[in-house]
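Okay, thanks everyone, let's get going.

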Number of protein chains: 2
Amino acid sequence: MTEPYKRVALIGLGLIASSMFWAMRRAGMAAEVTGYARSAATRDTARRIGLCDRVCDSVEEAVQGADLIVLAVPVGAMGAVAEAIAPHLAPGATVIDVGSVKRAVVEAVGPHLPEGVHFVPCHPMAGTEHSGPESGFATLFDNRWCLIVPGDAAEGAVGRVEAYWRALGANCERMDVEHHDLVCAVVSHIPHLIAYTMVGVADDLRRVSDQEVIKFSAAGFRDFTRIAASDPTMWRDVFLNNKDATLEILGRFTEELFALQRAIRTGDGEQLHAYFTRTRAIRRGILEAGQDTDKPDFGRVKVDR
Amino acid sequence: MTEPYKRVALIGLGLIASSMFWAMRRAGMAAEVTGYARSAATRDTARRIGLCDRVCDSVEEAVQGADLIVLAVPVGAMGAVAEAIAPHLAPGATVIDVGSVKRAVVEAVGPHLPEGVHFVPCHPMAGTEHSGPESGFATLFDNRWCLIVPGDAAEGAVGRVEAYWRALGANCERMDVEHHDLVCAVVSHIPHLIAYTMVGVADDLRRVSDQEVIKFSAAGFRDFTRIAASDPTMWRDVFLNNKDATLEILGRFTEELFALQRAIRTGDGEQLHAYFTRTRAIRRGILEAGQDTDKPDFGRVKVDR
């Protein structure tokens, strides 16, 4: 039985931090939760909707006395936040982050933290296309995975962090930092980049007016627009901070795309058919693993005979 | 007030044709509906689930006496079907197709049809990732667009076809054949090709095991797998038959992708942020046009504080 945290500080009050707060409430955790956001408007919103027991006007105040500090800011801001809070961290406290890349965060945050403070990098693989303090909800982490990159953190501290995420509804899996960044490039970063690109192309095409692109989007395009509506700052930082894995997977992607382009140009129907058949199997796997709904069109259509 | 059809023949009994049948029933249309599918197994399934008033064992029998004939087979099979049914079409009958490309269908079908038979190419922009006679449902076309490419078809025949689609729940818009193929390349064909490619890349990566790709798919990847689970034969035929527009938009896509790749490589955060901000506006347009749900994650997550 691991000891629950008594005071949790949420630094950054966007979709992830606010969902963590509501999930902690749902789990009946007794911890007092402080919160801080750089923007005064965000702090005001948080106070208005009852997000956190206490919203602080400085990050130093927010972390004072906390035994769990959650860095929930864009990846590019992690280092500066770590530097600012370092002198105010209690010995024995645990710092976690929720960034989508890990190598860059480990390098940016680790050196600032004083001896005796545990650093356990985390990546809850959950989110929606919405952002900001009002977009959070208690069930965001249910049945989603939280990747933990323990590095050389003490086993006791890591176990306690895992117990915390499980109480929020998530499943935990430990991973090596390089492997984490590669897996996430495949399942998340490149899909986002591609979606952004596709939507950008449609936006650029003056021969196909915006109106048409929007009207007829249900034919496939609209799924890309949801992903491409994600937070720009968060995603800019992801790509700048996972450059190597992103460029590697992107290289693989364009290689495959060129092969299919060539099959289209030469009229190689057999190759296209074989390729399109193979990809169906992965979908089946995802459904069997309970990671998506089998309802047609994600359940957006009302199926009724 | 246009005259309703008295006998409708559905050639091909997949997702679209079966949805048309259930939508006709829902609309209370009196027409007798015959059906034909090349595969005996599909015909058996259709009979078992009550799809069509009469399932015929030959395409000739199915079209006999019909005043509306619906070609709902893959684009590559349209020409052969048109050739087979041509001698059996009643003068004054109307032939429509539901293919996703139009130039190739017009060229493949048009020359076979006898004088006095109207040909009104149609493209109902509706579907799901499921296929086959059991995947259809009455509400598939509700609030979706059906593109009509009338060419030189008689106005009376075109108006009648439009009234028919509206009765099934769809909105209609007329379009020139070349413009149709370009718009669809943007909103549908290239998004599908890209989704297939992304899923193929993930499948190929042996360092990232299938299991991981599946487990962690909720981070963005799973949306691509839904699209990439669409019918392989249908999509092979789309790409083989909309080669020019597909290759043109694909060229635009790789051009943009390379620009973003370069921004990542050189660390140009400003360019990335500006790009990712611009694409949010299109999403807003789609939501305002009622073409998608604003619920986070397409409503897959249960939002609950």
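So, to start with charges: over all chains, the count comes to 44 salt bridges. Bear in mind as we go that this is a predicted model.

Let me pick a few of those out. In chain A, A:Arg103 and A:Glu107 form a salt bridge, with N to O at 3.7 Å. Why do those two line up? They sit 4 residues apart in helix α5 of chain A, residues 103-109, so about one helical turn separates them. A:Arg103 is partly exposed there, at 31% relative accessible area.

Over in chain B, there's a salt bridge between B:Arg236 and B:Asp237, 2.9 Å from N to O. On the arginine side, B:Arg236 is partly exposed at 23% relative accessibility, while B:Asp237 is buried, with a relative accessible area of 5%. And on the subject of salt bridges, there's a network in chain A: A:Arg7, A:Glu32, A:Arg54 and A:Glu61 are joined into one through shared partners.

Now the interface. How much area do chain A and chain B bury between them? About 11100 Å², and 67% of that is on carbon and sulfur atoms. In terms of residues, 114 from chain A are in contact with 114 from chain B.

On the polar side, 30 residue pairs are in polar contact between chain A and chain B, counting pairs with both residues at pLDDT 80 or more. Which elements does chain A bring to this? The ones giving two or more residues to the side that touches chain B are β8 (145-148), α7 (177-204), α8 (210-215), α9 (221-227), α10 (232-241), α11 (243-266) and α12 (269-288) of chain A. Of these, α7(A) has the largest share, with 21 residues. And if you sort that side of chain A by class, you get 56 nonpolar, 27 polar and 31 charged residues.

Back to salt bridges for a moment, across the interface this time: the rule finds 8 between chain A and chain B. One pair to look at is B:Arg226 with A:Asp223, where the closest N and O atoms are 2.7 Å apart. Another is B:Arg278 with A:Asp204, at 3.5 Å from N to O. Here B:Arg278 comes from helix α12 of chain B, residues 269-288, and A:Asp204 from helix α7 of chain A, so this pair joins two chains. Both ends are partly exposed: B:Arg278 has a relative accessible area of 28%, and A:Asp204 has 26%.

Next, have a look at B:Thr197, which is in helix α7 of chain B. Buried or exposed? Buried, at 0% relative accessibility. Setting aside neighbours within four places in sequence, B:Thr197 is in contact with A:Phe253, A:Glu256, A:Leu257, A:Leu260 and A:Tyr275.

Chain B has an open sheet of 8 strands with mixed pairing, in the order β3-β2-β1-β4-β5-β6-β7-β8. At the edges stand β3 (54-55) and β8 (171-174) of chain B, each with a single partner strand, so each has one side without a neighbour in the sheet. Further in, β4 (68-71) and β5 (94-97) of chain B pair in the parallel sense over 4 bridges, and B:Leu68 stands opposite B:Thr94 in β5(B).

Last stop, strand β1 of chain A, residues 7-11, where 5 of the 5 residues are buried. As a reminder, side chains in a regular strand alternate between the two faces of the sheet. In β1(A), one side has A:Arg7, A:Ala9 and A:Ile11, the other has A:Val8 and A:Leu10, and both faces are covered. So that A:Arg7 from the salt-bridge network is a buried residue. The strand β1(A) runs parallel to β2 of chain A, residues 32-36, joined by 5 bridges, with A:Thr34 as the bridge partner of A:Ala9.

That's my tour, thanks.

How values were computed
Residues are numbered from 1 along each chain as its sequence is written. Chains are lettered from A and ligands numbered from 1 in the order in which they are written. This is a predicted model: local features need pLDDT of at least 70, side-chain atom pairs count only at pLDDT 80 or more; totals for chains, interfaces and linings use all residues. Side-chain values use heavy atoms; hydrogens and water are left out. Contact means heavy atoms within 4.5 Å. Buried area is the accessible area (1.4 Å probe) that two parts lose on being put together, summed over both. A salt bridge is a side-chain nitrogen of Lys or Arg within 4 Å of a carboxyl oxygen of Asp or Glu. A polar contact is a pair of N or O atoms within 3.5 Å; within protein, one must be able to donate a hydrogen and the other to accept it, and residues adjacent in sequence count only if both atoms are side-chain atoms. Ala, Val, Leu, Ile, Met, Phe, Trp, Tyr, Cys and Pro count as nonpolar, Asp, Glu, Lys and Arg as charged, and the others, Gly among them, as polar. Buried means under 20% relative accessible area, exposed over 50%, partly exposed in between (1.4 Å probe, protein chains only). Two strands pair if DSSP finds at least two bridges between them.
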